[in-house]
Structures are given as structure tokens and as C-alpha cells.
Amino acid sequence: MATLTIKIKIQITDEQKKAFDPTSEQYTESFNRIADIGWNKGIKNGVELHKLSYESERAKTNLPSQLVCSARMKASECLKSAFALQKKAKT
């Protein structure tokens with residue numbers, strides 16, 4: 001059995017966008033704080049970043065736990081890439 005994936009663009013109203021904007025802003029801020037922790041401490045491992053950031057991010061934001069974890073995973077991916085580029089530039 002084959003799986004098909006369809007990409008669609010969801011049309012939202014201005015009212016829906018206004019309702020979503022605070023969540024989007026908090027997600028971005030959470031990502032930035034977690035990435036900052038990883039960059040300053042030289043950590044790219046998701047588990048280590050989780051230990052260092054999860055509780056404080058849950059306290060600082062109104063984000064559900066899954067979005068905090070998602071922000072951490074994205075930050076971890078970006079840090080891995082940034083550290084690899086930094087290492088490549090040094091060699």
C-alpha cells in the first residue's frame with residue numbers, strides 16, 4: 001500500500017491569525033533562548049538541552065509541553081549544523 005502526501009496551504013482569517021500570533025511569538029522566543037543556551041555552553045545534544053531548558057521554558061511561556069519540546073528539537077538541529085560549519089571553517 002502506497003502513502004500519498006498532499007501539501008496544502010491553509011487559509012486563515014485575520015481573527016485566527018491574531019489568535020495564533022502569541023503562540024508563534026512564544027515558540028520563536030523559546031527556540032532562541034534554548035539555542036542561546038546550547039551555543040554558549042557548546043551543547044548540541046537534544047537530551048542535554050532538554051535537561052537545561054525544559055522546566056524554565058515551561059515556566060516562562062504558555063506553550064504546551066509538545067511545543068517546548070519541538071522548539072528544543074529545532075534548536076538542537078540548528079546547533080548541530082552551526083557547530084559543524086564552525087568546525088569545517090577552522091579546518
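Trainee: How many helices and strands are there in the chain?
Mentor: Three helices and zero strands. Keep in mind that this is a predicted model. Along the sequence the pattern reads α-α-α.

Trainee: Is the chain a compact globule or more spread out?
Mentor: More spread out, because its radius of gyration is 17 Å, well over the 12 Å that the globule rule gives for 91 residues. The C-alpha trace spans about 50 × 40 × 25 Å along its principal axes.

Trainee: What share of the residues is buried?
Mentor: Buried residues make up 23% of the 91 in the chain.

Trainee: Then what are the values for α1 and α3?
Mentor: The angle is about 45 degrees and the axes are 8 Å apart. That angle makes α1 oblique to α3. The crossing of the two is right-handed.

Trainee: Which residues meet there?
Mentor: From α1, they are T23, Y27, S30, F31, I34, A35, G38 and W39. On the α3 side you have L67, V68, S70, A71, R72, K74, A75, C78, L79, A82, F83 and Q86.

Trainee: How does that contact of α1 with α3 divide into nonpolar, polar and charged?
Mentor: 13 nonpolar, five polar and two charged.

Trainee: What about α1 and α2, what angle and axis distance do they have?
Mentor: About 150 degrees, with the axes 10 Å apart. The cut-off for roughly antiparallel is over 145 degrees, so α1 and α2 are roughly antiparallel to each other. α1 passes α2 in a right-handed crossing.

Trainee: Which residues of α1 and α2 meet?
Mentor: S30, R33, I34, I37, G38 and K41 of α1 meet L49, L52, S53, E57 and K60 of α2. By class, that contact of α1 with α2 has four nonpolar, three polar and four charged residues.

Trainee: You mentioned K60. Is it buried or exposed?
Mentor: K60, which lies in helix α2, counts as exposed, at 54% relative accessibility. The cut-off for exposed is over 50%. Its C-alpha atom is separated by 22 Å from that of C78, 18 residues apart along the chain.

Trainee: One pair left. How do α2 and α3 pack?
Mentor: Helix α2 covers residues 46–60 and helix α3 residues 65–90, and they pack at about 140 degrees with their axes 10 Å apart. That makes α2 oblique to α3. The crossing of α2 and α3 is right-handed.

Trainee: Which residues make that contact?
Mentor: α2 contributes G46, L49, H50, S53, Y54, E57 and R58. α3 contributes S65, V68, C69, R72, S76 and L79. The contact of α2 with α3 has five nonpolar, five polar and three charged residues.

Trainee: Last topic, K7. Where does K7 lie?
Mentor: In the segment before α1, which covers 14–41. K7 is exposed, with a relative accessible area of 84%.

Trainee: How many Å apart are K7 and A35 in space?
Mentor: 29 Å, C-alpha to C-alpha, and they are 28 residues apart in sequence.

Conventions: Residues numbered from 1 in each chain as written. Predicted model: local features only at pLDDT ≥ 70, side-chain atom pairs only at ≥ 80, totals over all residues. Heavy atoms only, no water. Axes fitted to C-alpha atoms, helices over the stretch in contact; angles between N-to-C directions. Helix = DSSP H or I, 4+ residues; strand = E, 2+ residues; numbered from the N terminus. Parallel < 35°, antiparallel > 145°, perpendicular 65-115°, else oblique. Left-handed = near helix turned anticlockwise from the far one by under 90°. Contact = heavy atoms within 4.5 Å. Nonpolar A, V, L, I, M, F, W, Y, C, P; charged D, E, K, R; others polar. Rg over C-alpha atoms; globule rule 2.2 N^0.38 Å. Buried < 20%, exposed > 50% of the residue type's maximum accessible area, 1.4 Å probe, protein only.
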